[in-house]
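Me: I would like to go through some of the labels attached to this model and ask what each one rests on.
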Amino acid sequence: METQSSSERPGMESNFQLKLREELTLLINRTLTQNLTTADIRFDRSPEEVSGDLAFGCFPLAKLARRAPNQIAAQLAAQTDCALLPGVTAVSASGGYLNLTLDLSSWLPDTIDFLLSCEQPEKGSLPPRKVVIEYSSPNTNKPQHLGHVRNNVLGQAVANLLSAAGDEVIRVNLINDRGIHICKSMLTWIKLGEGETPETTGEKGDHLVGRYYVRFETEIKLERKRFFAAAGIDPQQLAADELVKREQDFLAQSSWQQEAEELLLRWEAGDKELLDIWRTMNSWVLAGFDQTYSRYGITFDRTYFESETYLSGRNEIESALQAGLVQRREDGSIWISLAEEELEDKLLQRSNGTSVYITQDVGTALQRYEDYHFDRLIYVVGNEQRYHFRVLIAILRQLGHTWADNLEHLAYGMVNLPEGKLKSREGTAVDADDLLQAVKQAARQVMEASNRRHDFSEQEADQVAEALGLGAIKYYLLRVSANQDLQYDPERSVDLNGTTGPYLQYAYSRMTSLLRKSAFNHQPQMTFELDSAIEKELLLKLLEYAGVVQLAAQQRNPSRLAQYLYELARIFNRFWHDLPVLKAESSDIREQRLALTAACQRILQRGLHLLGIPTPEKI
RNA sequence: GCGCCUGUAGCUCAACUGGACAGAGCAACGGCCUUCUAAGCCGUAGGCUGAAGGUUCGAGUCCUUCCAGGCGUACCA
């Protein structure tokens with residue numbers, strides 16, 4: 001059950017914003033004898049055709065007062081004395097909305113002071129909650145690809161948003177470093193690796209190990225082909241259930257499969273020689289991951305390893321068995337009944353005594369609760385695991401952990417290419433490192449083709465290209481709301497025009513350029529006489545910032561912020577185009593426009609950083 | 001079969017959780033650089049929101065039934 005309505009978490013506000021909401025609340029309560037609170041007052045932008053800037057929708061009031069919304073709006077408009085509302089020069093009713101016209105020059109001083117001096121303008125009014133958020137969660141058998149990049153970038157951004165909105169955030173990674181898939185790359189390296197190491201090949205460790213994982217898949221595919229050929233069967237001709245049976249037959253006699261399974265048994269038995277190899281290969285992969293994370297700006301406060309947490313899952317199941325909460329079947333396997341949750345029974349331990357995926361997640365969750373006593377635990381995991389997390393939460397609840405209701409699966413959609421799906425097993429996925437390299441190259445080419453001349457050193461040019469590449473990739477992934485599948489078009493992501501990271505970074509560098517050239521220094525309480533429509537658009541957009549961050553945090557949806565920042569940048573670009581700043585008609589106007597620019601710059605910088613996008617000063 | 005998710009402009013995506021005439025970008029077409037960075041700005045064109053019913057003062061959004069796609073439904077992770 002939702003306990004909060006969406007509009008009840010405003011961010012910090014300037015004095016004028018706060019005052020306006022208070023006065024409007026009083027006004028409504030007086031004229032309609034309601035008892036609204038300021039939290040009930042939310043503004044939309046007035047549409048172009050209507051005279052006004054901010055619109056207050058009277059629809060919720062219509063139910064309380066049992067009158068039509070446009071009647072209520074009309075009455076409010078008729079009985080409103082503008083003098084009581086700060087900086088409001090006119091009110092009008094239209095289509096059930098009360099439209100307020102703001103006086104730009106009275107709003108600006110207060111707004112600019114607030115935006116430039118408030119330490120954390122995104123902060124919400126509720127007490128902070130302790131939130132543990134898990135993202136990335138890679139397997140140590142292959143390098144990270146585009147799907148992981150979406151996860152990493154999304155997780156990082158949501159963590160940043162929650163933190164900015166005022167929560168205490170603990171960012172955790174979970175390394176899946178054990179299991180049959182790990183054994184596959186190990187096996188292939190042992191058999192065919194001839195002692196290769198990242199040092200001898202000069203390759204990144206995760207790429208090296210990943211090569212052996214792909215190799216395993218190609219080898220077993222060949223073996224499968226031979227198996228079916230020898231039996232004189234064309235698998236394509238088989239009915240579905242027959243095919244499943246034949247595949248099982250194949251795996252049962254496949255030497256690659258058998259050897260991998262033997263390796264897993266040896267690993268679980270603690271075979272010392274094997275554990276050494278396992279540790280060595282994992283360390284290669286982890287070193288590779290560290291490089292990737294660091295380049296992408298992905299950080300964690302704590303890293304969990306499944307090889308360390310899966311045992312606590314086993315223990316939990318053991319004690320649940322004693323307590324009669326789970327049942328052992330005749331073949332020795334252990335199950336939990338989830339009939340109360342209207343879910344299928346779930347296996348918790350195999351008949352051969354080894355643990356399954358969900359057992360590890362039970363253990364990890366328990367350990368995290370012990371470590372942090374969180375108010376909320378968010379899992380950033382692909383939406384193909386929706387069912388898995390429903391089951392996980394149900395299990396924890398059945399085992400008597402009331403905090404199970406504080407777990408939350410932040411499911412995000414798959415990343416597809418225009419040609420179709422990514423397939424990491426076949427090694428056709430878009431590799432995270434290669435991707436950044438390619439997009440960076442493209443950015444570099446655009447920089448060099450441009451007729452702008454900067455005295456960039458080679459090193460500076462490289463840094464700017466890297467920043468633009470990151471901006472391009474991250475914005476591309478974050479502008480789509482999380483639960484949607486997204487289509488990744490490599491060519492489009494390299495295109496720096498349109499709703500892209502580089503567009504925003506470019507706008508930022510323009511703002512910075514103006515401020516640098518003018519050596520602007522903000523004086524509080526300055527007076528404003530600006531009055532153009534475009535300047536007012538900027539003011540109105542700036543006023544939305546804190547609310548947008550609050551909403552994005554609450555919905556765990558950075559795309560809201562991504563969208564907003566694009567709108568802000570677009571209005572700024574229009575402002576830049578239409579109005580002179582450094583060469584303004586008077587030095588007063590110049591200072592005022594610079595102050596407005598400074599506010600935009602700070603908001604755009606903070607917003608982009610929440611999305612994990614770097615903001616180079618010059619492009 | 002059952003469950004979950006998704007269908008919005010030619011393409012990629014928005015739409016503050018039920019509110020004003022459904023908005024952007026790309027692609028197309030037409031304008032704007034001797035002027036603070038043209039990676040920019042302005043304009044034109046593009047829609048029966050998959051279909052049909054229903055609830056409501058009001059539906060892209062909620063309900064029902066279809067249609068299409070994706071993902072689950074493992075003693076895989």
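Me: Which residues of the largest nonpolar core touch the most other members?

Reply: In this predicted model, local features need pLDDT of at least 70 and side-chain atom pairs pLDDT 80 or more, while totals for chains, interfaces and linings use all residues. Residues are numbered from 1 along each chain as its sequence is written, and side-chain values use heavy atoms, without hydrogens and water. Of the 145 core residues, Ile28, Leu61, Tyr296, Tyr488 and Leu561 touch the most other members; helix H22 (residues 587-610) gives the most to this core, with eleven residues. A nonpolar core is a set of buried Ala, Val, Leu, Ile, Met, Phe, Trp, Tyr and Cys residues joined through side-chain atoms within 4.5 Å.

Me: Why does aspartate 433 count as buried?

Reply: Buried means under 20% relative accessible area, exposed over 50% and partly exposed in between, with a 1.4 Å probe and protein chains only; aspartate 433 has 12% relative accessibility and therefore counts as buried.

Me: What makes the pairing of aspartate 433 and lysine 204 a polar contact?

Reply: Their side chains are joined at 2.6 Å, and the definition asks for a pair of N or O atoms within 3.5 Å, one able to donate a hydrogen and the other to accept it, with residues adjacent in sequence counting only if both atoms are side-chain atoms. The side chain of threonine 292 also makes a polar contact with that of aspartate 433, at 2.9 Å.

Conventions
Chains are lettered from A and ligands numbered from 1 in the order in which they are written. Helices (H or I, at least four residues) and strands (E, at least two) are DSSP runs, numbered from the N terminus.
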